[in-house]
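Please read this briefing beside the sequence and the model.

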Amino acid sequence: MALPRHAFFRGRVVPYAEARIGVLTHGLNYGTGIFGGIRGYWNADEAELFVFRPHDHFRRFLESARLLDMTLPFTAETLTEALVGLIRTELFREDCYARPLAFYGDEAIGVRLHNLSPEVSIVAMPYGRYLENEEGIHATISSWRRVDDNMIPPRGKITGSYVNSAFAKTDAQRAGFDEAIVLNADGHISEGSAENFFLVKNGVAVTPPVTDNILEGVTRRTILELLREKLGIPVVERSIDRTELTLADEAFFCGTGVQIAAITRVDHRPIGAGRMGAVVTALRSLYFDVVRGKHPDYRHWCHPVYSDATPAPVPETVRLRTQI
Ligand SMILES: Cc1ncc(COP(=O)(O)O)c(C=O)c1O
């Protein structure tokens, strides 16, 4: 992957090479950071790039920061403006992915969350698929268990907790699978290493509730609405037993990176017919229209980069000290 050309760092867009931190940085040493992932979709008919639900992503970004006692000198609106300004500098005319990050920037020894100063950066890069075979994932049930809300809260996108995801992902891929499905300590399905999870059985979609140690995904919320409002498929949010997956008609992962990926086999057993089913097929087709700004009912989720007349301001980064 080529490095980005620019970064939003310390309140302004700078050449990527200037966005540098020291090896003692708190967030690097202790995982005291939070991040996001946002996609931009190129619409060739309109010659416009649409960023998908940036305000919702940045609202979760700010909530993740609050979990770490981190006060950021930004709102969802000013972060969206910073992202739009960065993409305009990059002049992307293709699908892209943006990575906002906030971390404690102090170069100091001592694990804690208080009396530290946050830094914020955003980078963006051209981006295609996250998983190669989105139409037929072979997943495994991981031997790693999901971190719990009382350990490192998974409802926030906290950098340190992604070691849990990395264990699951690497073991899955080294064993020849595409992706891991991670169970909670009580044995119920939580999610994939970086994706939310749904199954479909007898025309009803089921997904774990936000109290089952999942990231509260923006894509998950999008899909709840699309399934219910556009495809007429009821969705139940409840805990899911492992063997319900074995007997499901369809299953899929969803997330900004993975978009919507059909899970067609788990641990060498076919899910349903063992190929992408009717619900996932319809949902993917609808989703790709929605994110590219082609569905009139959901244009408000798609933030135009180039035709947006508002100037992209350059907010000054204020290094705030959080209170105990
Ligand atoms: C652990 C985890 N779950 C779910 C998701 C999906 O979240 P979203 O749809 O907001 O991208 C992600 C993606 O970032 C993730 O890392």
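What follows is a briefing on pockets, a strand and its partners, a helix, a single residue and cavities.

This is a predicted model, in which local features need pLDDT of at least 70 and side-chain atom pairs count only at pLDDT 80 or more, while totals for chains, interfaces and linings use all residues. Residues are numbered from 1 along each chain as its sequence is written, and side-chain values use heavy atoms, with hydrogens and water left out.

**Pockets**

- Rolling a probe the size of a water molecule over the atoms shows where empty space is left.
- On a 1 Å grid over the protein atoms alone, a pocket is an open set of points with protein on both sides within 12 Å along at least five of seven lines, a cavity is a set of points where a 1.4 Å probe fits but cannot get out, and lining residues have an atom within 4 Å of a point.
- The largest pocket has a volume of about 590 Å³, where a volume is the space filled by probe spheres set on the grid points, which are joined across faces, edges and corners.
- Its lining is made of 32 residues, and those nearest the centre of the largest pocket are Phe35, Tyr97, Arg99, Lys157 and Ala194.
- Two or more residues of this lining come from each of α2 (54-67), β6 (96-104), α4 (162-174), α5 (218-230) and β14 (250-255), and helices (H or I, at least four residues) and strands (E, at least two) are DSSP runs numbered from the N terminus.
- The largest share of the lining of the largest pocket, four residues, belongs to α4.
- By class, the lining of the largest pocket has 13 nonpolar, eleven polar and eight charged residues, with Ala, Val, Leu, Ile, Met, Phe, Trp, Tyr, Cys and Pro counted as nonpolar, Asp, Glu, Lys and Arg as charged, and the others, Gly among them, as polar.
- The second largest pocket has a volume of about 430 Å³, and of the 19 residues that line the second largest pocket, Tyr16, Ile21, Leu101, Phe103 and Ser121 are the closest to its centre.
- The elements β1 (6-9), α1 (26-30), β6 and β7 (118-126) each give two or more residues to the lining of the second largest pocket, which divides into 13 nonpolar, four polar and two charged residues.

- Five of the five residues of strand β9 (residues 179-183) are buried, so β9 is largely enclosed by the rest of the structure; buried means under 20% relative accessible area, exposed over 50%, and partly exposed in between (1.4 Å probe, protein chains only).
- In a regular strand the side chains alternate between the two faces of the sheet.
- Both faces of β9 are covered, with Glu179, Ile181 and Leu183 buried on one side and Ala180 and Val182 buried on the other.
- Strand β8 (residues 137-145) pairs with β9 in the parallel sense over four bridges, two strands being paired if DSSP finds at least two bridges between them.
- Ala139 stands opposite Glu179 in β9, and the chain crosses from β8 through α4 to β9 in a right-handed β-α-β crossover.
- A crossover is right-handed if, with the strands pointing away from the viewer, the path from the first strand over the helix to the second runs clockwise.
- Strand β10 (residues 189-192) pairs with β9 in the antiparallel sense over three bridges, and Ile181 stands opposite Gly192 in β10.
- β9 and β10 form a hairpin with five residues between them, and Gly187 in the turn has a positive phi of about 95°.

**Helix α5**

- Among the buried residues of α5 are Val218, Thr219, Arg220 and Thr222, and just after α5, Gly232 takes a positive phi of about 65°.

**Residue Val120**

- Val120 is found in strand β7 and, at 4% relative accessibility, counts as buried.

**Cavities**

- The structure holds two cavities of 30 Å³ or more, and about 40 Å³ of space lies in the largest cavity.
- The largest cavity is lined by residues including Ile38, Arg39, Tyr41 and Thr219, and the largest share of its lining, three residues, comes from strand β4 (residues 38-43).
- The second largest cavity has a volume of about 30 Å³, and the largest share of its lining, three residues, comes from β15.
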